[in-house]
Amino acid sequence: MSTAWSRCVSDEEPILPPAPVKPTAESPFTASVICTSTKHEAGMFHLVAASFEELAENLTSRLTVAAILANAGELTMLHACGVADPGTGAVVALVAKSGTGKTTAASVLARTYGYVTDETVAIAWDGTVVPYPKPLSVKQGAGAPKRQAGPDEFRLQLAPVMPFIQSIVLLNRVHGNPTVAPVLERVPLADSLLALIPESSSQAEVVDPLQSLCRLIESVGGVWQVTYSEAVDLPVALELLFRLQPVSETEWEAAAEGIAQQAPIPAGSIQRRAPQDAVAIEDDLLVMLDREIVRLRGIGPSIWEACSGPVRLDEVIEHVGKTHGTPEGYRDAIAGAVEQLLAKSILERGEY
């Protein structure tokens, strides 16, 4: 297997291909790949496999990871299949965990609509979508590698020239009998963020990751969920979502401005950690820390607000009491909630 590759060198520097991987009796199939990127140094990796199908699956997976890393921080990348209206370029992204129906949905929908991807829908800041029409990864028997099937094998349509994101849908496939007809419903914004962040790649590297995702969700009129049994029912069920959707009203506000971690925190004081981002949605506060999203409810947002700078526990209790009242046992309840947030590393305690 050969790959095209190039790099800029001086006249004196020889251009050498990657050292080939020698096949063995146990692993007779090999591949060597050089990846170039404007963000990272050129990288090389070698693959060996016992079968061509195993090699093809590993190669597809490694190239996908390389493409994601090359675009980290630049694109919002959803773990989704994507199909586009061939006339308008409108893309519907169907988000789901691995093994829960994305490839099957793509193989059905893209016979009518343009095939964008069965793996990662990459969205630029202006809503344009970067097609990634990789081979479809088709499940085989237990323990067998996924078969990499070209889009032509399924008679899929080409993606339009300038696709753009129109709708985002969570796939909720229901197994068993009797089968259910597709049901399409809107998902509340906070629930949408909690569902999308785990099914995104490198979103934490995007500037203001939660705020940017909120703006994207607004621009497509909110997130939908489709509950269904059979992929063959999806084209009719999703037809509406290829049309222009009204932009959602703003339901959130940034909650991370002006947060600067002070070090060290005085002994006996507590303070919230500086997050990667935070947004308030009605009575909820969503905070991104260490690439994970945490939902604060009840008295949690008030504790977060009270701990913008180093404070003592009594000050936190006083602040939360003014906001939520002072019923019997409120001091112990607030102290217990503070300990939970400390245990989750949302707050930090001074040790010096």
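Which residues does L286 touch, not counting residues up to four places away in sequence? In this predicted model, L286 touches A190, L193, L210, D277, A278, V279, I281, I293, V294 and R295.

**Confidence**

The protein chain has a mean pLDDT of 87, and 88% of its residues reach 70 or more. Among the elements, strand β2 (residues 43–49) has the lowest confidence, with a mean of 82, while β4 has the highest, at 98. Over residues 1–17 the pLDDT stays under 50, and the model has 15 contacts beyond four places in sequence for this stretch.

In soluble globular proteins, nonpolar side chains tend to be buried together. The largest nonpolar core here holds 33 residues, of which I165, I168, L193, L196, V279, I281 and L286 touch the most other members. At least two residues of this core come from each of β3 (76–84), β4 (90–95), β6 (120–123), β11 (164–173), α3 (189–196), α4 (209–219), β17 (277–281) and β18 (284–289). Helix α4 provides the largest share, five residues. Another core lies apart from this one; it has 25 residues, including V92, L109, L156 and V226.

**Salt bridges**

Side chains of opposite charge can pair when their charged atoms come close.

| D191 | R295 | 3.0 Å |

The bridge between D191 and R295 links distant parts of the chain, as D191 belongs to helix α3 and R295 to strand β19 (residues 292–296), 104 residues apart. D191 is partly exposed, at 31% relative accessibility, and R295 is also partly exposed, with a relative accessible area of 26%.

D284 is buried, with a relative accessible area of 11%. Through shared partners, salt bridges join D191, D284, R295 and R297 into one network.

D290 is exposed, with a relative accessible area of 54%, whereas R273 counts as buried at 17% relative accessibility.

**Helix α8**

Helix α8 (residues 330–343) comprises 14 residues and reaches 20 Å from its first C-alpha to its last, close to the 20 Å expected at 1.5 Å a residue. Its buried residues are I334, A337, V338, L341 and L342. Seen down the axis of α8, these buried residues fall within an arc of 145°, so they line one face of the helix. An α-helix has 3.6 residues a turn, so residues three or four places apart point the same way. The packing partners of the buried residues of α8 are β16, β19, α6 (300–306), α7 (313–324) and β20 (347–349). On the face of α8 turned away from the buried side are the exposed residues D332, Q340 and A343. S345, which follows α8, has a positive phi, near 65°.

Note on methods. Residues numbered from 1 in each chain as written. Predicted model: local features only at pLDDT ≥ 70, side-chain atom pairs only at ≥ 80, totals over all residues. Heavy atoms only, no water. Core = buried A, V, L, I, M, F, W, Y, C linked by side-chain atoms within 4.5 Å. Buried < 20%, exposed > 50% of the residue type's maximum accessible area, 1.4 Å probe, protein only. Helix = DSSP H or I, 4+ residues; strand = E, 2+ residues; numbered from the N terminus. Contact = heavy atoms within 4.5 Å. pLDDT = per-residue confidence, 0-100. Salt bridge = Lys/Arg side-chain N within 4 Å of Asp/Glu carboxyl O. Expected span 1.5 Å × (residues − 1). Arc of directions from axis to C-beta.
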